[in-house]
Amino acid sequence: MNKIFFVMLATLVLVTAGCGSGGEDQAKNEQNQTGTEEAKDTGQTDKGGSSGLTSGVTDVQKSLDELKMVMQNNPDKTKKIQKIGKEAGEDWDEIEKQVEEKYPKAYENIEKSLYPLKAATKKDMPDKGKVKQLTSETLKKLQDFKKGLEK
């Protein structure tokens, strides 16, 4: 009987501890998000550029680098190409509004290759040559944009 009680008590403690940690993470995320929004509203910038844009650009670059690797090593993995293309689009969506508002020329330039790339990766049979070309173009544009943010 004591063993059952101990197991139940231990389980309750673990569940309670697990639930408690989720709230702290959520609170931290909300604080970070609020800080980013405040920086954007006040026009403050960080070392890497404008209010988190550098890290956002880095996220898009990582997705596109992954897409580039898949295109080099496994170009027939259509589902993977589609998934990574979608991820890159989602990463861009997170910073798109900031880029559009603060850097309209760069935004327009990046989107000239990024949107066709997103469309190409959504196809049932992506055009491998086109995806490779657009991935390289977009990576170059993002690299140039990021360098400008770091100045």
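The protein chain has five helices and zero strands, where helices are DSSP runs of H or I with at least four residues, strands are runs of E with at least two, and both are numbered from the N terminus. Read from the N terminus on, the order of elements is simply α-α-α-α-α. This is a predicted model, so local features need pLDDT of at least 70 and side-chain atom pairs count only at pLDDT 80 or more, while totals for chains, interfaces and linings use all residues. Residues are numbered from 1 along each chain as its sequence is written, and side-chain values use heavy atoms, with hydrogens and water left out.

Now for the overall numbers. Of the 151 residues in the protein chain, 32% are buried; buried means under 20% relative accessible area, exposed means over 50%, and partly exposed is in between, with a 1.4 Å probe and protein chains only. The accessible surface of the protein chain is about 10,100 Å², and carbon and sulfur atoms hold 54% of that surface. These areas come from the Shrake-Rupley method with a 1.4 Å probe, and for residues only the protein chains shown count as cover. A contact means heavy atoms within 4.5 Å. Among contacts in the protein chain with a separation of 6 or more, 69% are between residues 24 or more positions apart.

Next come the rings. Rings of Phe, Tyr and Trp (its six-membered ring) pair if their centres lie within 6.5 Å; planes under 30 degrees apart are stacked, over 60 edge-to-face, and the rest tilted. By this rule there are two aromatic pairs. Trp92 and Tyr107 have ring centres 6.4 Å apart and planes at 15°, so this pair is stacked. Trp92 belongs to helix α3 (residues 78-102) and Tyr107 to helix α4 (residues 104-122), so the pair ties together parts 15 residues apart in sequence. Both Trp92 and Tyr107 are buried. In the other pair, the rings of Tyr103 and Phe145 have their centres 5.3 Å apart and planes at 80°, so they sit edge-to-face. Tyr103 is in the loop between α3 and α4 and Phe145 is in helix α5 (residues 128-150), so parts 42 residues apart in sequence are tied together. Tyr103 is partly exposed, at 28% relative accessible area, whereas Phe145 is buried, at 8%.

Helix α4 has 19 residues and reaches 26 Å from its first C-alpha to its last, close to the expected 27 Å; the expected span is 1.5 Å times one less than the number of residues. This helix also bends by about 35° at Glu111, the bend being the angle between axes fitted to the seven residues ending there and the seven starting there. The buried residues of α4 include Ile110, Leu114 and Leu117, and their cover includes α2 (53-73), α3 and α5.

Leaving aside neighbours within four places in sequence, Lys128 is in contact with Met71, Pro75 and Asp76. Lys128 and Pro75 are 53 residues apart in sequence, yet 6.8 Å apart in space, C-alpha to C-alpha.
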